[in-house]
Amino acid sequence: MIESVLTRKNVNVKTKITVKSLLAAGIVALAVLLPQLVHIAAGAQGGAQWLPMYLPVLLGGCLLGWRWGLGIGVLSPLISFAVTSLFGNAMPAAVRLPYMVAELAVFAAVSGLFSEKIAENGWMAFPAVLLAAVSGRATFLLLAAVFQSVSPLSAATAWAQIQTGLVGLVLQAVLVPSIVLGLSQLLARDKQ
């Protein structure tokens, strides 16, 4: 979506990369900060229920496309883990980190595959987010099932976490497309 705006404005490649880098850095920062705020407000269970890191990652995919989204999806949990480990309370937990990296990478990449369509029609953010959520959660469950013999995270545990996070996914299935639609309308005004 952002690519189409920058192209429409005849922005050169260097400026495009700078703008996308700054947006991606801001989205990753939000993906690190938002879970902290949710944990303060709703406790440890709040993170599992509301999935606060997923919202910026989905937004990053929708806005920046699959390549940048993939980077955001991979970097968000890694940076969050690194930063929060310094304070003695790693988020996500080390056992969940590889699964979350893979899951969020899928979330962002799948939503990012719709980025061009979203630029044409903001309503495409709804199927983008839904397909990304299903794909990402399926990836998490599949990885947990495949590696349960060598990991303390079993498929049953992953399934329970998926069920706990349904509330957050439903909220994000409304919020992310609404944010994208709002941005689309703002950017469309700029077009005229």
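**Salt bridges and a nonpolar patch**

Four salt bridges are found in this structure, a salt bridge being a side-chain nitrogen of Lys or Arg within 4 Å of a carboxyl oxygen of Asp or Glu. The model is predicted, so local features need pLDDT of at least 70 and side-chain atom pairs count only at pLDDT 80 or more, while totals for chains, interfaces and linings use all residues. Residues are numbered from 1 along each chain as its sequence is written, and side-chain values use heavy atoms, leaving out hydrogens and water.

Let us begin with Glu 3. Its side chain meets that of Lys 16 in a salt bridge (3.0 Å, N to O). Lys 16 lies in helix α2 (residues 13-42) and Glu 3 in helix α1 (residues 2-8), so the pair ties together parts that are 13 residues apart in sequence. Helices here are DSSP runs (H or I, at least four residues), numbered from the N terminus. Glu 3 also forms a salt bridge with Lys 20, with the closest N and O atoms 2.3 Å apart.

Next comes Arg 137, whose side chain meets that of Glu 103 in a salt bridge (2.5 Å, N to O). This pair links helix α7 (residues 125-147) with helix α5 (residues 97-113).

Trp 50, Val 167, Leu 171, Leu 175, Ile 179, Leu 183 and Leu 186 make a nonpolar patch of about 530 Å². Patch residues have over 30% relative accessible area and no salt bridge, with nonpolar side chains joined within 5 Å; areas come from the Shrake-Rupley method with a 1.4 Å probe. Helix α9 (residues 166-191) gives the largest share, six residues, whereas Trp 50 lies in helix α3 (residues 44-50).

Technical notes: Patches are made of residues with over 30% relative accessible area and no salt bridge: like charges are joined within 9 Å, nonpolar side chains (Val, Leu, Ile, Met, Phe, Trp, Tyr) within 5 Å. Helices (H or I, at least four residues) and strands (E, at least two) are DSSP runs, numbered from the N terminus.
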